[in-house]
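Visitor: I am new to reading structures like this one. Could you pick one part, take me through it closely, and then show me how the rest fits around it?

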Amino acid sequence: MGSLPSDTLAVEMTDTHVLAGAGDGADTTEWLLNSPNPPSFWEELAAAVRENVIPRSCTKTHLAKKKTKTTSSSSEKQSIFKATLTLLQSMFPILKLGRNYKASNFKSDIMAGLTLASLSIPQSIGYANLAKLDPQFGLYTSAVPPLIYALMGSSREIAIGPVAVVSLLLSSMLQEIRDPVADPVGYRSLVFTVTLFAGIFQAGFGLLRLGFLVDFLSHAAIVGFMAGAAILIGLQQLKGLLAISNFTTKTDVVSVLESVVRSAHQPWYPLNIVLGCSFLIFLLVARFIGRRKKKLFWVSAIAPLISVILSTLIVFVSRADRHGVKIVKEVKEGLNPISVHQLQFNSSSVGLAAKSGLIAAIIALTEAMAVGRSFASIKGYNIDGNREMIAMGFMNIIGSLTSCYVATGSFSRTAVNFSAGCESVLSNIVMAITVMLALKFFTRLLYFTPMAILASIILSALPGLIDINEALRIWKLDKLDFLACLGAFLGVLFHSVEFGLLLAVGISFAKILLISMRPAIEEVGRLGRSDMFGNMKQFPMAMKTQGISIVRINSSLLCFANASFIKDRIMRLVEEDDDIEETTKDQPKQLVVDMCNVMNIDTSGIIVLEELHKRLLLNGIQVTIASPKWEVIHKLKRTNFVERIEGRVFLSVGEAVDSCLQNASKLPSSTKVLVT
């Protein structure tokens, strides 16, 4: 039977330190008390800037250059060239593509890009309609942003373009400021302004290394948000599917259902419903085939384009537009026009545009990061989160100047791109060029495309946004996480998209505060004859040491938020143990605070420790510190707390317990050790 880790550690300690007399814990105490000061705030800030802003390769080149005392001018030029090339490659990862790229890879990217375009063109038109924009703006968003991302992004599989959730988010927030029907030009300008703000926020998150802000939307909140948004999007498509004329501009489920009920008294067009439902069934069947047979993925990918072509031919031949079938009509041809002059910065709504841009930026980044990381893990490589944010930001900034609205990574199109065998970001370039060709030469063919088909295409993509199994898994794992999921779902469904997000973030914050302010306190005991201590409820075999009580506080920060709570729990525990010990006439004389879980401490935490020391000292109980971290021991030394407890500081719980046992004979009664 192999030796335990503690045995191995004991052997190493014997070889290196015990021979020097460290076995009694005196040397380890000196190690703690004489350790160097940790980096100051400004030193940590400077190190973070050097690490995150300056590329590591450039730093290595600079350091190597400093080490070399004499260098020729040619080698200096060569090193400058390498540093410049490295910097350019860090800014534009596509420059690294030529190293191992082969002709077979290019062929795969062309096929993947063409397959992606066949799905992207009809979806982009439908999502533009969902965003209350003309169809060509969806195509614009599938043309320029993918090109910019291909230059700056690091994900090989992600497919860039408009998505359903962001389209719904924009329409729900902005149509309350500008009416897209009464003032389409003003609404369009507001959308471009929001897109610019979204890009600025995204790029800023990446440049300032603020990617943690995106993590405020937990996985559970995203699951609930996506499910609620999918149901809302589906209900919004009833307008196109049923050819409803007077439809509500609100997005909550109650208003939408009321609008559908009120429209029951209006004239109905059965041909519109039959056409939309027939192709919806066709799309769902194609999607089912593509999921069941991985080799037939192209069936679900090309089905939307086939639906658009066939339905357009049916309407054109039968002239069904004269019998109540609503059609797209004119789609403006030509490439993306410049939209700089349409940006609004002098209007009273610029503040609302910035707020909407921030929300759209976070939602778009969250979806893109989830999509990119999931497919990168399948391929076995990592993507730089901050680099992705910068790429997304510049993509949307340039997009806002070229008549695009907020673009991000689409899960459904990325899955098609992956299944089609893409090898690099060139598939995005092929897709963008194909969309540009469609804008230049084929938009007039979309005149007779029925609106019901666009609704069917959007409806067929919604099942992938509702993950019931994941919601059930969240319920089994964590009830508070499920509460955030449910809050996002109900908030989006019954109030608004932004309210659902705020509710989910609020519940997540409440969970964090609850855990931080009320840390768990557990009684621990020694595991066998080792120096390891575990929770006695988790490990029933854990044993108490006679005269010693051990308690651990599970908190990484001892601060103003939880310091009083921790002190009260410790004092209550001491009082309860005193009542028990009275029956056995054993009076506790020492309290050992194990701070192995406490990463940092603030002034409130130190004050609480001092108050605890004073109150226990009045009762004849001494305080000892065990396992303090670097920041903690540094602050305890600066406040002279170590001197107040007469230097009773130990490197581990085991040493603290052994010291108490050795000193037990010197005390008038048995020893009590409280480890927190």
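Guide: Let's start with a term: helices (H or I, at least four residues) and strands (E, at least two) are DSSP runs, numbered from the N terminus. Residues are numbered from 1 along each chain as its sequence is written. What you see is a predicted model, where local features need pLDDT of at least 70 and side-chain atom pairs count only at pLDDT 80 or more, while totals for chains, interfaces and linings use all residues; side-chain values use heavy atoms, without hydrogens or water.

Is it buried or exposed? Proline 304 counts as buried because its relative accessibility is 5%, and buried means under 20% relative accessible area, with exposed over 50% and partly exposed in between (1.4 Å probe, protein chains only). Setting aside residues up to four places away in sequence, proline 304 touches Leu119, Pro122, Leu283 and Ile457, where contact means heavy atoms within 4.5 Å. Leucine 119 is 185 residues from proline 304 in sequence, yet their C-alpha atoms are 6.2 Å apart in space.

Now step over to serine 118, in helix H6, which covers residues 103–130. Serine 118 is buried too, because its relative accessible area is 9%. Beyond its neighbours within four places in sequence, serine 118 is in contact with Ala301, Ile302 and Leu305. A polar atom of the serine 118 side chain also lies 2.5 Å from the backbone oxygen of threonine 115.

Another serine is worth a stop. Serine 142 is in the loop between helix H7 (135–141) and helix H8 (144–152). With a relative accessible area of 0%, serine 142 is buried. Its contacts, apart from neighbours within four places in sequence, are Ser120, Ser124, Gly161, Pro162, Met431, Ala432 and Val435.

Two loop residues show something about the backbone. Most residues other than glycine have a negative phi. Lysine 329, in the loop between H15 and H16, has a positive phi of about 70° although it is not a glycine. Serine 403, in the loop between helix H17 (385–400) and strand E2 (408–410), has a positive phi of about 65°. As for cover, lysine 329 is partly exposed at 48% relative accessibility, whereas serine 403 is buried at 1%.

Finally, let's step back. The protein has 28 helices and ten strands, and buried residues make up 49% of its 676 residues. Of the contacts between residues at least 6 apart in sequence, 81% join residues at least 24 apart. On a 1 Å grid over the protein atoms alone, a cavity is a set of points where a 1.4 Å probe fits but cannot get out, and lining residues have an atom within 4 Å of a point. Grid points are joined across faces, edges and corners, and a volume is the space filled by probe spheres set on the points. The second largest cavity holds about 60 Å³. Its lining includes Leu217, Phe225, Thr366 and Glu367, and H11 gives the most to that lining, with four residues.

Key. A polar contact is a pair of N or O atoms within 3.5 Å; within protein, one must be able to donate a hydrogen and the other to accept it, and residues adjacent in sequence count only if both atoms are side-chain atoms. On a 1 Å grid over the protein atoms alone, a cavity is a set of points where a 1.4 Å probe fits but cannot get out, and a pocket is an open set with protein on both sides within 12 Å along at least five of seven lines; lining residues have an atom within 4 Å of a point.
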